[in-house]
Amino acid sequence: MSEDLDTSTAAAVGELLPRGARAFGVRRKLEKYALDITNEVGAPKACGFERILAITLDDIDYLEGAIYTGAVVVPVSEIRDNAPWGIKCTVIVPVRGRDEKSGRLVDVTTAWEIRSSDAPPRLVTAFPTS
Amino acid sequence: MAVSVKHAIGEHDVVAFIETIAKAESTGIWPTGTKGVVVSDFGDHKMIEIVGENGETLDMPIVPVDKLKFVTKHS
């Protein structure tokens with residue numbers, strides 16, 4: 001048996017996202033999809049972020065940071081098998097609003113794919129709960 | 001002569017189903033013409049997010065690329 005066996009490879013509900021510190025893909029997902037009002041399918045997400053949290057593409061650094069922080073401190077709430085392409089984990093990240101919405105703390109549902117037992121999580125999608 | 005341009009489908013592109021697709025998160029089917037976004041790319045298969053009117057995820061089936069029609073480019 002390998003002495004380098006990573007015992008944190010298995011995702012579990014209630015546990016932190018495996019290899020969350022190595023999570024990636026958030027900025028591009030927000031820029032090209034979840035905060036992009038020109039994407040006809042993604043536009044409701046962008047409108048939701050603006051309406052609920054006053055977060056727009058101008059706030060991408062803020063939201064990106066909040067999601068990466070959530071990836072290392074918030075436990076996984078759901079796991080779906082994605083065979084043969086690994087698994088999909090849901091992490092619900094509390095995000096504080098901006099400007100006039102700064103008094104609101106709203107759950108943002110994030111979905112992460114983990115393609116193999118040693119792969120870092122990559123953001124698949126995100127949306128705020130109204 | 002008209003020239004047909006075939007777009008390679010990439011992540012974040014908007015696509016439409018060219019035939020019915022089984023739902024991944026529940027029973028039933030998505031009808032032909034349902035639009036979604038490629039949220040993960042597995043080469044000859046794509047994970048497609050179907051989005052509700054408030055931006056929430058309705059479903060994320062993994063679909064063979066030959067059952068998808070390119071709609072708009074965002075990749």
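This report looks at chain B and at the side of chain A that touches chain B.

## About the model

The model is predicted: local features need pLDDT of at least 70, side-chain atom pairs count only at pLDDT 80 or more, and totals for chains, interfaces and linings use all residues. Residues are numbered from 1 along each chain as its sequence is written, while chains are lettered from A and ligands numbered from 1 in the order in which they are written.

## Chain B as a whole

Chain B has 8 strands and 0 helices; helices (H or I, at least four residues) and strands (E, at least two) are DSSP runs, numbered from the N terminus. The C-alpha trace of chain B spans about 45 × 25 × 20 Å along its principal axes. Of the 75 residues in chain B, 32% are buried, where buried asks for 20 or more other C-beta atoms, placed from the backbone, within 10 Å of the residue's own.

## Strand 1 and its partners

Strands pair if DSSP finds at least two bridges between them. Strand 1 (residues 14-17) of chain B runs antiparallel to strand 4 (residues 35-41) of chain B, joined by 3 bridges. Strand 1 of chain B also pairs with strand 8 (residues 68-72) of chain B, again antiparallel, over 4 bridges.

## Where the chains meet

The contact (C-beta atoms, placed from the backbone, within 7 Å) takes 18 residues from chain A and 18 residues from chain B. On the chain A side, helix 2 of chain A gives the largest share, 4 residues.

Note on methods. Two residues are in contact if their C-beta atoms, placed from the backbone, lie within 7 Å. A residue is buried if 20 or more other C-beta atoms lie within 10 Å of its own, exposed if 12 or fewer, and partly exposed in between; C-beta atoms are placed from the backbone.
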